[in-house]
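Please read it alongside the sequence and the structure.

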Amino acid sequence: MVVGPVAALGDGVTDYAVGDRVGVAWLRHTDGTCAYCRRGNENLCPNSLYTGWDADGGYAEYTTVPAAFAYRLLCAGIIGYRALLRASLPARGRLGLYGFGDSAHLVAQVALAQGATVHALTRGEASQRLALELGAASAGGAYDSPPEPLDSAILFAPVGDLVPVAMRALDRGGVLAVAGIHLTDIPPLNYEHEPSVLAVGKIAALGQQVLGLALQHASTNAFLRGLTVGSLVAGAVAAAGALLAVLFLPSQPAQLAQLTRPARPAHQPTQAAAQTAAATAD
Ligand SMILES: [Zn+2]
């Protein structure tokens, strides 16, 4: 990415003035006409062009960029905001941020300004201090439990092991958004041993719609895994399809049906899970 003042404007550019501070991102062109562009996923455009790859980058005194791909807000802010939207944080909700770097510290300020309670879960002491200085209600280690159940969580740390950790920290109906260019493998999620994940039904409103579709097609016994790739406006992570909202759906129709039944009270293990625990104790 490149950041600097506008030195000159091309013909017809009206959104910027000479001297404006702008950023040039990785993504510098999309066709605007393909199916992906038309549905708002321009980061998936097969005809995209990239700064430093298809055009000269920022290791120079001056650089050029199409005005439509010059930004006042770059990746960290845009990805973070997109992740916050994906996390479906309710009004004045409880938000957990796993990892507290550039993006998360911007999201935290947006969420706090909207009245949310923010809990930072990150390993770095400096990051924890920063979170508290910005107004987070708590700051602890990434594998620690937050002091209260979360309505929403965003995983910024590129650590798949934290996916089940974050999911267990969610309250009923909570949503986990996974935001990152890269994520290590997500460990298998065992539904019998993860009653707080399964029975409590931590699936987004979108997931409920998907479940309805899944039930309609359950006779095919198809394995359904919802993995939606969010769109990005800015580009450093565009090629990687940077923002993922992960919906975990069971593989069997019976399990699908179970998810659509009324949820048990929070933190009450399923019978199957209780039996498993008893057997293990023996
Ligand atoms: Zn396109």
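Among contacts between residues at least 6 apart in sequence, 61% join residues at least 24 apart; two residues are in contact if their C-beta atoms, placed from the backbone, lie within 7 Å. The model is predicted: local features need pLDDT of at least 70, side-chain atom pairs count only at pLDDT 80 or more, and totals for chains, interfaces and linings use all residues. Residues are numbered from 1 along each chain as its sequence is written.

**Overall composition**
- The protein has nine helices and twelve strands, which are DSSP runs numbered from the N terminus (helices: H or I, at least four residues; strands: E, at least two).
- Of the 282 residues, 35% are buried (20 or more other C-beta atoms within 10 Å of the residue's own; exposed means 12 or fewer, partly exposed in between; C-beta atoms are placed from the backbone).

**Helix α2**
- Helix α2 comprises twelve residues, 75-86, and its first and last C-alpha atoms are 16 Å apart, close to the expected 16 Å (1.5 Å times one less than the number of residues).
- The buried residues in α2 are C75, I78, I79, G80, R82, A83, L84 and R86.
- After α2 comes S88, which has a positive phi near 50 degrees.

**Residue P66**
- P66 lies in the loop between β4 (49-50) and β5 (70-71).
- P66 counts as partly exposed because it has 13 C-beta neighbours inside 10 Å.
- Neighbours within four places in sequence aside, P66 is in contact with R28 and H29.
- P66 and V13 are 53 residues apart in sequence, and their C-alpha atoms are 9.3 Å apart in space.
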